Amino acid sequence: MKSKLQEIASFAYDCVKEVVEVKDKDLKEKYYSHARELPSMIVHNGLLTTCAFIRSKKNDEAWKKIEEHIKRYLKEIEIKEKEAEGKQVDSLVKFFSGLDLKGYRLYTRKVLYFAQWLKRVAEGELKYEEQAE
């Protein structure tokens with residue numbers, strides 16, 4: 001049995017490991033940079049605004065990867081019970097804008113916590129990858 005912290009850290013590690021195994025160096029550099037920016041973007045701009053910004057970066061593979069990782073995090077770790085009620089996370093903006101204030105604050109904390117883990121793991125794994133080359 002894992003604690004919630006272990007579960008989130010392990011999920012963030014798997015997400016970053018997926019990027020480490022890609023051969024595209026540009027994607028790795030951008031993912032590393034964006035993962036480092038993500039927590040402060042959520043704090044300063046809000047979760048909904050940050051998700052809208054990420055969605056607007058359709059041509060940036062690193063942002064698309066981060067969006068995919070947030071969606072997977074929500075689906076696999078946080079809102080299993082919501083999916084059972086028929087609510088899907090196809091669009092982060094649509095999902096977060098449909099929450100009441102209490103739910104929005106709760107998911108902001110949850111996604112921020114995941115983003116902080118993503119940043120920590122990216123700094124460790126992608127920095128290591130960068131130095132090894």
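In the predicted model, E67 is located in helix α4, which covers residues 61-78. The relative accessibility of E67 is 8%, and the residue therefore counts as buried, the cut-off being under 20%. When neighbours within four places in sequence are set aside, the contacts of E67 are I54, R55 and L92.

Helix α4 also contains I77. This residue is buried as well, because its relative accessibility is 11%. The C-alpha atoms of I77 and F11 lie 8.5 Å apart, although 66 residues separate the two in sequence.

The structure holds 7 aromatic pairs. In one of them, the ring centres of F11 and Y73 are 6.0 Å apart and the ring planes meet at 50°, so the pair is classed as tilted. The pair connects helix α1 (residues 4-20), which carries F11, with helix α4, which carries Y73, across 62 residues of sequence. Both F11 and Y73 are buried. Together with F114, these residues make up one aromatic cluster.

A further tilted pair is formed by F96 and Y107, with 6.4 Å between the centres and 50° between the planes. F96 belongs to helix α6 (residues 92-97) and Y107 to helix α7 (residues 101-132), so this pair ties together parts that are 11 residues apart in sequence. F96 has a relative accessible area of 2% and is therefore buried; Y107, with a value of 4%, is likewise buried. A corresponding arrangement involves R120, which lies over the face of W117 at 4.9 Å from the ring centre.

The buried residues of α1 are I8, A9, F11, A12, C15, V16, V19 and V20. An α-helix has 3.6 residues a turn, so residues three or four places apart point the same way.

Within α1, V19 was examined individually. Its relative accessible area is 0%, and V19 is therefore buried. Apart from neighbours within four places in sequence, V19 is in contact with K28, Y31, K65, H69 and L126. The C-alpha atoms of V19 and K65 are 8.5 Å apart in space, while the two residues are 46 positions apart in sequence.

K28 and Y31, both contacts of V19, are among the buried residues of helix α2. This helix comprises residues 25-45; its 21 residues should span 30 Å at 1.5 Å a residue, and the 29 Å between its end C-alpha atoms agrees with that expectation. A bend of about 35° occurs in α2 at L38, and a proline, P39, follows within four residues. L38 and P39 are themselves buried, as are L27, K28, Y31, Y32, H34, A35, M41 and I42 in α2.

At the level of the whole chain, the model contains 7 helices and 0 strands, and the order of elements from the N terminus is α-α-α-α-α-α-α. The chain has 133 residues, of which 41% count as buried. Its accessible surface amounts to about 7800 Å², with 50% belonging to carbon and sulfur atoms. Among contacts with a separation of 6 or more, residues 24 or more positions apart account for 73%. The pairing of F11 in α1 with Y73 in α4, 62 residues apart, is one link between distant parts of the chain.

Technical notes:
Residues numbered from 1 in each chain as written. Predicted model: local features only at pLDDT ≥ 70, side-chain atom pairs only at ≥ 80, totals over all residues. Heavy atoms only, no water. Helix = DSSP H or I, 4+ residues; strand = E, 2+ residues; numbered from the N terminus. Buried < 20%, exposed > 50% of the residue type's maximum accessible area, 1.4 Å probe, protein only. Contact = heavy atoms within 4.5 Å. Areas by Shrake-Rupley, 256 points an atom, 1.4 Å probe, with all protein chains shown as cover. Phe/Tyr/Trp six-rings, centres within 6.5 Å; stacked < 30°, edge-to-face > 60°. Lys NZ or Arg CZ within 6 Å of the ring centre and 35° of its normal. Expected span 1.5 Å × (residues − 1). Bend = angle between axes of the 7 residues up to and from the residue.
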